[in-house]
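Please read these points with the sequence and the structure side by side. Each point takes up one part of the chain or one kind of contact.

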Amino acid sequence: MKNRVGITETVLRDAHQSLLATRLKTNDMLEVVEYLDQAGFYSLEVWGGATFDASLRYLNEDPWERLRTLRRVLPNSKLQMLLRGQNLVGYRQYPDDVVREFVQRSVDNGIDIIRIFDALNDPRNLECAVEATKKAGAHAQGTVVYTVSPVHTIDGYVETAQRLRDMGADSICIKDMAGIMMPAVASELVTRLKKEVGLPVQLHCHYTSGVASMTYWAAIQAGVDVVDTALSPLAMGTSQPPTESLVAGLRGTEREPELDLEVLNKAAGVMNRVLEDYKVPSRGVDTQVLISQIPGGMLSNLRAQLEQQKMGHKYDELVQEVPRVREDLGYPPLVTPMSQIVGVQSLFNVVTGKRYAVKSKELKDYITGWYGKSPAPIKPELLEGETNTVITDRPADHFEPLLEKARQEISEFVEQEEDVLTYILYPEVAKAFFVERKKNK
Ligand code: CO
């Protein structure tokens, strides 16, 4: 019996989030689902992350309807989603009643595996979601967010994973959103997690810097259970390594995945046709990330914002400011929502020419503990003149329940219970969507 590696296909979530600003339409997804469902994947990542916001805001699609549709057309597949812990699929922390309801509804509508992460690796921000996932009968995958800094160590990641296990997580994901994990690190981390945590381990890398395929090879040799890849038409660049290449590359080894290359080839053909209607960017290798650690998507956003301010000439300055702000803030990993908080503050600092003269509300909340515990202490000067209450305990313990109040506020538009959650997450966008929906009835 071979000890095969499992593959999670990301083409319906992370791949188009990374390359197409999350704009892949449900109707276009339906073209390829037949092949994805029979190829033999461990799971398909299809929901969560930015897809919720983007489908509602830009595609005029109800994200819950998308999930139900995918569930219907993918009867043989385990469906997976990405959840930002206490931030759900939004950018701020929500009360526990909302987290519980969101998780339950996600499972009710078809999700089998929930990958739960927190940008700060603060276990207190995962606890409610992990518990709710277990209660709903789904697989709770606890995530360790990988970054490189003077305070992040392999010991620290192992310890975080142990806490997630003790909390009830069914497996551990290592999340390398910037694509900067080197093969030797993957080898050591996977080996130690397998030995010291005792749960299945899944590795999620982005291709950005060009090392991810090598990192996967090393992780697979070290015994990783599952890796994430994207079908070739939406692989590489800031997305994942290509599925077909990994499948072929592992042929004749002990860990050869059980996937049908013929079926994958058909899926790729269909996808290529679908993508003729989209603007797929060039998917080369960006090695700046190996030094700056700024994920590709964040960098292009910052450049666009700087140009909007007619300050495009300050781009180099901004690229240098990002790691400085990150250091001041105690080295948070640059993933949602921290990538936005660090990015916006760096932009403010460069545009005003005076560091921290203007602070975003989110930054104020972060430095006073409302996003959780920073990996290293925050520079004390940043707290001077701060009027926010400083907390050190679990942020969500301070929030009042919200579900009932929101249900009343939006009652005239509610056609399904899920609408209340949509409204809580994106009040204005949701309301506009509901008004439109009512009109078109
Ligand atoms: Co990702």
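**Notes on the structure**

1. Ile291 lies in helix H12 (residues 289–292); helices (H or I, at least four residues) and strands (E, at least two) are DSSP runs, numbered from the N terminus. Together with Met182 and Leu290, Ile291 makes a nonpolar surface patch of about 300 Å². Patches are made of residues with over 30% relative accessible area and no salt bridge; like charges are joined within 9 Å and nonpolar side chains (Val, Leu, Ile, Met, Phe, Trp, Tyr) within 5 Å. The accessible areas come from the Shrake-Rupley method with a 1.4 Å probe, and for residues only the protein chains shown count as cover.

2. A word on the source. This is a predicted model, in which local features need pLDDT of at least 70 and side-chain atom pairs count only at pLDDT 80 or more, while totals for chains, interfaces and linings use all residues. Residues are numbered from 1 along each chain as its sequence is written, and side-chain values use heavy atoms, with hydrogens and water left out.

3. Which residues coordinate the cobalt ion? The donors are Asp14 (OD), His204 (NE2) and His206 (NE2), at 2.0 to 2.1 Å. Donors are N, O and S atoms within 2.8 Å of the metal (3.2 Å for Na, K and Ca); water is not among the atoms, so sites may look incomplete. The spacing of the donor residues in sequence is D-x189-H-x1-H. Asp14, in helix H1 (residues 14–19), and His206, in the loop between strand E7 (201–205) and H9, are 192 residues apart, so this pair links distant parts of the chain. Asp14 and His206 are both buried.

4. Salt bridges come next. The whole structure holds 34 of them, a salt bridge being a side-chain nitrogen of Lys or Arg within 4 Å of a carboxyl oxygen of Asp or Glu. One of them joins the side chains of Asp96 and Arg394 (2.8 Å, N to O). This pair links distant parts of the chain, 298 residues apart: Asp96 is in helix H5, and Arg394 is in the loop between helix H16 (361–367) and helix H17 (403–409). Both Asp96 and Arg394 are buried.

5. Another salt bridge is formed by Asp225 and Lys194, with the closest N and O atoms 2.8 Å apart. Asp225 is in the loop between helix H9 (212–221) and strand E8 (226–229), whereas Lys194 is in helix H8 (residues 183–196), 31 residues apart. Are these two residues buried or partly exposed? Asp225 is partly exposed at 23% relative accessibility, and Lys194 is partly exposed with a relative accessible area of 32%.

6. Asp328 and Arg355 also form a salt bridge, their closest N and O atoms being 3.0 Å apart. Asp328 lies in helix H14 (residues 315–328) and Arg355 in the loop between helix H15 (338–352) and H16, so the pair ties together parts that are 27 residues apart in sequence. Asp328 is buried, with a relative accessible area of 7%, whereas Arg355 is partly exposed at 35%. Both belong to a network of salt bridges that links Glu321, Arg324, Asp328, Arg355 and Lys379.

7. Arg66 is found in helix H4 (residues 63–73). At 2% relative accessibility, Arg66 counts as buried. Leaving aside neighbours within four places in sequence, Arg66 is in contact (heavy atoms within 4.5 Å) with several residues, including His16, Leu24, Met29 and Trp47. Its side chain reaches the backbone oxygen of Leu24 at 3.0 Å. Met29 is 37 residues from Arg66 along the chain, and their C-alpha atoms are separated by 9.8 Å.

8. In helix H6 (residues 127–135), the buried residues are Cys128, Ala129, Val130, Ala132 and Thr133. Their cover includes strand E3 (79–83), helix H5 (96–108), strand E4 (113–116), strand E5 (139–145) and helix H7 (154–167). Just after H6, Gly137 takes a positive phi of about 85 degrees.

Notes
Buried means under 20% relative accessible area, exposed over 50%, partly exposed in between (1.4 Å probe, protein chains only). A polar contact is a pair of N or O atoms within 3.5 Å; within protein, one must be able to donate a hydrogen and the other to accept it, and residues adjacent in sequence count only if both atoms are side-chain atoms.
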